[in-house]
Protein chains: 2
Amino acid sequence: MRITGFQSEDVRFPTSDTLAGSDATNPDPDYSVAYVTLTTDSGDAGHGSTFTIGRGTELCVAVIDLLAAKLVGESFDDPVADLARLPRLVAADSQLRWLGPEKGVLHLATAAVVNALWDLAARLVGKPLWRFLADLQPAEIVAMVDWRYLTDVLDPARAVELLEKRRPGLEERAALLVANGHPAYTTEPGWLGYSDAKMTRLLGEAIDRGFGQVKLKVGHDLAEDRRRLALAREVVGPDIGIAVDANQAWDVPEAIEWVRSIAEFDLAWVEEPTSPDDVLGHAAIAEAISPVRVATGEMGQNRVLFKQFLTAGAMGVCQIDACRVGGVNENLAIILLAALTGVPVIPHAGGCGLSEAVQHLAMFDFVALGSEASFDGRLIEWADHLHEHFVEPAAIVDGCYVAPSAPGASTEMLAGSIRQYRHRP
Amino acid sequence: MRITGFQSEDVRFPTSDTLAGSDATNPDPDYSVAYVTLTTDSGDAGHGSTFTIGRGTELCVAVIDLLAAKLVGESFDDPVADLARLPRLVAADSQLRWLGPEKGVLHLATAAVVNALWDLAARLVGKPLWRFLADLQPAEIVAMVDWRYLTDVLDPARAVELLEKRRPGLEERAALLVANGHPAYTTEPGWLGYSDAKMTRLLGEAIDRGFGQVKLKVGHDLAEDRRRLALAREVVGPDIGIAVDANQAWDVPEAIEWVRSIAEFDLAWVEEPTSPDDVLGHAAIAEAISPVRVATGEMGQNRVLFKQFLTAGAMGVCQIDACRVGGVNENLAIILLAALTGVPVIPHAGGCGLSEAVQHLAMFDFVALGSEASFDGRLIEWADHLHEHFVEPAAIVDGCYVAPSAPGASTEMLAGSIRQYRHRP
């Protein structure tokens with residue numbers, strides 16, 4: 001079979017109307033996706049998207065058009081080999097490379113196209129993506145990764161060793177995942193724009209739905225943060241985790257001071273305290289606020305940045321995003337680096353389509369790289385946004401993501417939703 | 001006066017025909033610019049561009065159109081205040097920020113638009129940009145900088161102190177610059193695609209033109225690099241500096257080994273040994289190959305990255321680029337950080353329009369932040385490409401850039417060149 005064409009879409013939801021998604025840095029996001037469907041001569045299709053927050057989605061679509069065009073005419077008869085080969089073909093453009101490399105609009109679009117290939121492959125083999133990934137041999141997984149710029153920390157041979165070492169118990173963990181689902185935490189109650197009454201109500205609902213951790217946005221006003229955290233802690237009691245998320249609001253000295261002023265509320269972690277590019281800044285913050293953990297990664301540009309964060313002690317929680325780095329392949333590199341350095345992977349989700357896509361990666365990480373049959377410390381973010389636009393929406397039962405069972409990567413959107421929310425410039 | 005409109009252009013030169021510009025990572029660049037002219041109701045205009053290497057220039061133009069549109073209708077009556085105000089207006093878009101932040105296509109386009117504002121301002125005050133900058137008061141320079149994410153290392157008050165401390169001798173240095181020009185080194189002889197005969201001829205010409213340093217591309221084949229370096233050293237003798245440039249070809253361990261294998265040829269520096277994002281990797285290389293210096297920065301994405309490179313000992317030579325970070329304003333931040341950390345600023349040039357734009361920044365650095373009336377160790381890169389397309393082309397006399405005397409930033413292209421090389425998709 002061959003990839004014979006593609007269709008790209010600019011889909012935008014008017015979420016800024018409700019302030020869902022509002023935080024210290026992103027006051028008025030319109031959750032959007034640049035979406036792509038790869039089509040084949042067999043009638044099979046693969047779907048992928050990258051998440052954006054409104055203006056500029058058209059740029060990601062323009063790059064998707066450039067990159068997906070490279071796949072047209074390519075054979076896809078051997079999914080495992082083709083998933084190692086074709087993402088390199090997509091990314092390897094010496095002239096486009098100048099515009100990055102491997103960051104920004106180019107890389108966001110790469111993620112959409114690469115993830116569409118993985119959706120296609122998982123459908124062809126008839127497995128949900130997490131299971132397809134877990135069934136790959138260590139050498140096959142390692143072949144998916146572009147090792148360039150990583151070998152000072154991890155190379156293919158050591159990565160195979162790492163995967164081999166974690167293989168015992170893989171089936172037991174897969175069975176546990178299917179039976180139990182994967183634990184989640186919810187960001188739903190904590191958006192900055194919400195009133196106390198709304199936050200309190202949503203915190204109660206989160207507990208009722210079985211979530212063991214919630215997350216609150218902070219960083220706009222310290223007194224207000226303290227007030228909201230005190231209220232939230234009162235509502236949820238001592239046993240529910242509370243993480244806070246500053247969305248890059250602070251400089252390094254300010255982050256340290258601010259976190260020290262709210263640490264008494266027993267924080268699960270502090271997320272995005274400063275610029276997502278600042279490895280050394282995060283390392284300084286992590287050292288100063290220990291034992292509170294620093295979390296970041298949703299705007300981490302590529303594997304080279306994650307390599308540094310993970311080896312410098314700058315990241316105590318590794319928040320991979322399904323579609324900011326170059327798709328599944330680059331996330332495999334990051335998951336391996338996190339396993340090597342012992343940092344838990346707790347993905348960024350919410351947005352539009354992020355939960356659907358990234359749940360598979362967290363589940364693969366648990367099944368293939370978990371060291372025991374327990375979810376201890378493992379979580380996936382949950383926010384209750386826009387799942388209704390997906391053919392197989394991510395689902396929460398008792399505070400856990402239900403393991404997808406349908407073939408594919410859960411990335412397909414409903415045709416009706418695309419039609420209704422297609423952006424018209 | 002008001003900014004009343006703008007015109008953007010996608011201009012591409014077929015340089016891949018000749019292999020000028022070929023290196024280990026960029027085998028076939030077509031030197032290009034995304035160009036913008038801001039127009040005003042007074043009839044004055046400002047010109048800026050960002051440099052690209054072919055495909056993808058249209059993306060930078062699309063972002064220029066988004067960003068320049070924000071300036072239409074803005075007043076420009078007080079250039080010094082407006083140059084602090086308007087670049088923030090251009091960059092501050094909470095939805096577009098998600099696509100970076102401050103990196104990639106978005107930031108390349110920001111540079112073009114911001115630099116056009118500086119060209120307009122310098123024309124209005126009737127000074128070449130370097131002189132306009134040097135005449136600003138320390139507090140005015142500091143007001144141009146977005147200090148967000150920098151204050152753990154340098155804050156506005158300390159930056160003013162630094163500028164005040166270096167002010168004595170400013171006029172003496174300006175006079176020396178005008179009389180002597182600013183020393184340059186040339187990359188002309190060293191492109192990977194050149195034959196031995198062509199390299200030897202160009203090395204001879206470089207010496208004849210008064211250059212005290214040349215640069216050779218390396219990183220494709222070690223035996224070949226050793227052979228070419230031996231030949232080059234034989235041609236230029238012991239007194240001419242030879243820098244080498246790997247254009248990101250290596251992983252960290254490979255870089256260390258490779259450089260140790262060529263260090264005997266007395267290297268002025270090793271440029272871009274690995275990923276431009278890898279602060280810690282560069283720091284490891286710098287430590288291992290000392291006293292050979294590590295140079296990087298032409299693909300450094302923003303001030304947060306430079307802050308880390310400069311404070312981690314990861315960069316012994318700071319190679320700012322005129323239009324990859326957010327234009328003059330962000331380069332002022334980087335120049336101040338380099339002055340603070342004592343790392344020489346030796347800009348990246350060549351390309352198309354980079355020499356014209358960046359010479360002003362190096363000259364400002366010397367005049368405003370030099371600590372003595374000597375160019376000791378100060379250089380600007382030179383490559384003999386495409387200068388003929390500029391109204392006021394950068395010029396070399398006796399191995400030195402001639403200090404521009406015409407008002408503006410030297411960024412205006414000839415209308416005929418734009419017409420002739422305008423890209424038609």
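Me: How many bridges join strand 2 of chain A to strand 3 of chain A?
Reply: In this predicted model, three strands of chain A form an open sheet in the order 1-2-3, with antiparallel pairing. Strand 2 and strand 3 of chain A run antiparallel, and the number of bridges that join them is eight.

Me: Which residue in strand 3 of chain A does A:Tyr35 stand opposite?
Reply: Strand 2 of chain A covers residues 32-40 and strand 3 of chain A covers residues 45-52. The residue in strand 3 of chain A that stands opposite A:Tyr35 is A:Ser49.

Me: Why is one side of strand 1 and of strand 3 of chain A left without a neighbour in the sheet?
Reply: The sheet is open and its order is 1-2-3 in chain A. One side of each of these strands lacks a neighbour because strand 1 and strand 3 of chain A stand at the edges, each with a single partner strand.

Me: Which helix of chain A gives the most to the side of domain 1 of chain A that touches domain 2 of chain A?
Reply: Chain A is divided into domain 1 (3-127) and domain 2 (170-421), and 38 residues of domain 1 of chain A are in contact with 36 residues of domain 2 of chain A. Among the elements that each supply at least two residues of that side of domain 1 are helix 2 (79-91) and helix 4 (104-125) of chain A. The one that gives the most, with 11 residues, is helix 4 of chain A.

Me: How many residues does the contact take from chain B?
Reply: Chain A contributes 49 residues to this contact, and its side that touches chain B has 23 nonpolar, 16 polar and 10 charged residues. From chain B, the number of residues taken is 49.

Methods
Residues are numbered from 1 along each chain as its sequence is written. Chains are lettered from A and ligands numbered from 1 in the order in which they are written. This is a predicted model: local features need pLDDT of at least 70, side-chain atom pairs count only at pLDDT 80 or more; totals for chains, interfaces and linings use all residues. Domain bounds come from an automatic or database domain assignment. Two residues are in contact if their C-beta atoms, placed from the backbone, lie within 7 Å. Helices (H or I, at least four residues) and strands (E, at least two) are DSSP runs, numbered from the N terminus. Ala, Val, Leu, Ile, Met, Phe, Trp, Tyr, Cys and Pro count as nonpolar, Asp, Glu, Lys and Arg as charged, and the others, Gly among them, as polar. Two strands pair if DSSP finds at least two bridges between them.
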